[in-house]
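Q: I am new to this structure and would like to learn how to read it. Could we go through it together, step by step?

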Amino acid sequence: MATAPNTVNNKRFNAEAANWDNNPSVQEATRLAYETLRPLVNSLSETKVTASGSGLDVLEVGCGTGLLTTRVAPLVREIVAVDTADGMIEMLKSKTTGPDSPRNIVPICKLLEDPEDPVLPSDDEGSSAGGRRKFDLILSHLVLHHIPDVKSFLQMLLACLRPGGRVALTDFEDFGPEAIKFHPKSKLEGVERHGIPRQWMVDLLHEVGFQQVNVSVGWMLEKEIEGWDDESHGKTIQFPFLVCEGVRP
Ligand SMILES: C[S@@+](CC[C@H](N)C(=O)[O-])C[C@H]1O[C@@H](n2cnc3c(N)ncnc32)[C@H](O)[C@@H]1O
């Protein structure tokens, strides 16, 4: 069941953390993810506020430096942001400590494998004992292609949700042989798959017990190809991004 810690990834993302936000392609991918997800987050938020008087509890897995986290935070009650690379989490923490910083982000450095992991907030605001919080929404952007065992990962996410809670996981699609060029050749180590095969993801979400499964292209990212053959140099490819949704019964 366990998803082994990927040390290659951890080394790479720790090394890249300080400069992560300076990559225009990363910024553009996050902007498009946010624009695509915003209507869903707003609509879930409004429904939750109407029903219970409080906003959405969100978990983001693989938050990196918090590019998506900090955009989503103003729309929700609280967002717990988990990443395995402490360099990434330190960058996110630095965005949460200024006088005008969002106060509803909880950054955690952890390979989350257990929905009852004590690093997660308690379900009971007044006490750290008891069960862990269950979430209304789980986000994860550009992470699935790094996860060795996606089935175990989805099982864990399902168990982190409240009944009726949902996942909205975004990553580039495995649309064919060119999908491998999403990463420069030199950065393929630690990449588990070159994008997400659409039907494979639909089947996995059903298999682990999600309902209302929908996996569809949410947007296209035009990305310049780096580090491949001379013919590819300076060329751009349109990468389809999937939004993978499912609801906990
Ligand atoms: C391509 S980066 C994306 C970061 C961020 N979501 C963004 O779009 O800027 C992938 C991130 O996932 C993290 N990661 C990889 N495997 C993970 C796992 N099993 N649990 C949590 N984070 C993970 C990495 O440390 C890295 O920060």
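Q: How far from an oxygen atom of the ligand does a polar side-chain atom of Asp83 lie?

A: Please keep in mind that this is a predicted model. Here, a polar side-chain atom of Asp83 lies 2.6 Å from an oxygen atom of the ligand.

Q: How much of the ligand's exposed area does the protein bury?

A: Taken alone, the ligand exposes 590 Å², and the protein buries 95% of that.

Q: Which residues come nearest to the ligand?

A: There are 18 residues around the ligand, and those that come nearest are Trp20, Gly62, Asp83, His141 and Leu142. Sorted by class, this shell holds 12 nonpolar, five polar and one charged residues.

Q: Now for the sheet. In what order do the strands lie?

A: Look for an open sheet of seven strands, ordered E3-E2-E1-E4-E5-E7-E6, with mixed pairing. Strand E3 (105-109) and strand E6 (211-224) each have a single partner strand, so one side of each is left without a neighbour in the sheet. On average, neighbouring strands are turned by 15 degrees against each other, direction ignored.

Q: How many bridges join strand E1 to strand E4?

A: Three bridges link E1 (residues 57-61) with E4 (residues 135-141), and these two strands run parallel. One place to look is Leu59, whose bridge partner in E4 is Ile138.

Q: Which strands does helix H2 lie across?

A: Helix H2 (residues 24-52) lies across E1, E4, E5, E6 and E7, and runs at about 150 degrees to E6. Helix H4 (residues 86-94) packs on the sheet too, touching E2 and E3, with its direction at about 160 degrees to that of E3.

Notes. Residues numbered from 1 in each chain as written. Predicted model: local features only at pLDDT ≥ 70, side-chain atom pairs only at ≥ 80, totals over all residues. Heavy atoms only, no water. Near = heavy atom within 4 Å. Polar contact = N/O pair within 3.5 Å; in protein donor to acceptor, adjacent residues only side chain to side chain. Areas by Shrake-Rupley, 256 points an atom, 1.4 Å probe, with all protein chains shown as cover. Nonpolar A, V, L, I, M, F, W, Y, C, P; charged D, E, K, R; others polar. Pairing = 2+ DSSP bridges. Helix = DSSP H or I, 4+ residues; strand = E, 2+ residues; numbered from the N terminus. Axes fitted to C-alpha atoms, helices over the stretch in contact; angles between N-to-C directions. Contact = heavy atoms within 4.5 Å.
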